[in-house]
Amino acid sequence: MLYERPHLPQGAPTSPSLANLMAHRLDCRLNGLAKSAGAAYTRYADDLAFSGGEPFHHRVERFALHAAAITLEEGLAVNHRKTRMMRQGVRQQLAGVVVNRKPNLRRKDLELLEAVLFNCIRSGPMSQNRTGVANFRAHLEGRVGFVRMINPIRGLQFQALLQDIDWTR
């Protein structure tokens, strides 16, 4: 019954563009609020981030209330269980990316992917496809591509390992 009505599936190629169109007014308002508080505003899909120095640190609690009010006025809701105030000196992570000084991935995630790539070279790729991913090669290429986007130097190292895998084994 639900699928008889016209709709776009979640994850369609149009999803990011539609999300950006829908959130344009929200982005403008939150960017203005952030500037007035001496902060910067960033949004990736539905993850909102505000960053600033010491002056922002002192008013962050009140700022969060204003940001939540604007979000509600724009017809969206803030998931307060997922809201984090990440101070300087702790790992600041947004959408799976560590964003403290420069964007990077968690060391544990990088080391795990490197181990999988090395083991693919040593024992064959099927030895590492423990969850039965249908196209394991494309899966690894995607993961390495993501690393290259965030950390180009490490990504090139992983790309070289990926090219050394014998996919006939």
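Guide: Rings of Phe, Tyr and Trp, the last taken by its six-membered ring, form a pair if their centres lie within 6.5 Å. By this rule the count comes to 3 aromatic pairs. The model under discussion is predicted.

Visitor: Why is the pair of Phe 56 and Phe 63 called edge-to-face?

Guide: The ring centres of Phe 56 and Phe 63 are 4.9 Å apart and their planes stand at 80°. The limit for a pair is 6.5 Å between centres, and planes over 60 degrees apart count as edge-to-face. The pair of Phe 56 and Phe 63 is therefore edge-to-face.

Visitor: Which residues form one aromatic cluster?

Guide: Tyr 41, Phe 50, Phe 56 and Phe 63 form one such cluster.

Visitor: How do you know whether Phe 56 and Phe 63 are buried or exposed?

Guide: Buried means under 20% relative accessible area. Phe 56 has 6%, so Phe 56 is buried. Phe 63 also has 6%, so Phe 63 is buried.

Visitor: By that reasoning, why is Tyr 44 called exposed?

Guide: Exposed means over 50% relative accessible area; Tyr 44 has 57% and is therefore exposed. Tyr 44 lies in strand 1, residues 39-44.

Visitor: What is the order of the elements in the protein?

Guide: The protein has 7 helices and 4 strands. From the N terminus on, they run α-α-β-β-α-α-β-β-α-α-α.

Visitor: How do you know how the protein compares with a compact globule?

Guide: A compact globule of 169 residues would have a radius of gyration near 15 Å, whereas the protein has 21 Å. Its C-alpha trace spans about 55 × 50 × 25 Å along the principal axes. Buried residues make up 26% of the 169 residues.

Visitor: What makes the buried residues of helix 4 line one face?

Guide: The buried residues of helix 4 are Val 60, Phe 63, Ala 67, Ala 68, Ile 70 and Thr 71. Seen down the helix axis, they fall within an arc of 160°, so they line one face of helix 4. The face turned away from them carries the exposed residues Arg 62, Leu 65, Leu 72 and Glu 73. Helix 2 (24-36), strand 2 (47-52) and helix 3 (54-58) are included in what covers the buried residues of helix 4.

Visitor: Why do Val 60 and Gln 128 count as buried?

Guide: The cut-off is again under 20%. Val 60, found in helix 4, has a relative accessible area of 8% and is therefore buried. Gln 128, found in the loop between helix 5 and helix 6, counts as buried at 10%.

Visitor: Which residues have the most contacts inside the largest nonpolar core?

Guide: The largest nonpolar core has 16 residues, and those with the most contacts inside it are Leu 113, Leu 117, Leu 140 and Phe 158. Helix 5 (107-123), helix 6 (136-150) and helix 7 (152-163) each supply at least two residues of this core. Apart from it lies another core of 12 residues, including Leu 26, Leu 30, Ala 67 and Ile 70.

Visitor: What makes the buried residues of helix 7 lie on the same side?

Guide: In helix 7, Gly 155, Phe 158, Leu 161 and Leu 162 are buried. They cover an arc of only 115° around the axis, which puts them on the same side of helix 7. Ile 153, Leu 156 and Gln 163 are exposed on the other side. The buried residues of helix 7 pack against helix 5 and helix 6.

Definitions and conventions:
Residues are numbered from 1 along each chain as its sequence is written. This is a predicted model: local features need pLDDT of at least 70, side-chain atom pairs count only at pLDDT 80 or more; totals for chains, interfaces and linings use all residues. Side-chain values use heavy atoms; hydrogens and water are left out. Buried means under 20% relative accessible area, exposed over 50%, partly exposed in between (1.4 Å probe, protein chains only). A nonpolar core is a set of buried Ala, Val, Leu, Ile, Met, Phe, Trp, Tyr and Cys residues joined through side-chain atoms within 4.5 Å. The arc is that of the directions from the helix axis to the C-beta atoms. Contact means heavy atoms within 4.5 Å. Rings of Phe, Tyr and Trp (its six-membered ring) pair if their centres lie within 6.5 Å; planes under 30 degrees apart count as stacked, over 60 as edge-to-face and the rest as tilted. The radius of gyration is taken over C-alpha atoms; the globule rule is 2.2 Å times the number of residues to the power 0.38.
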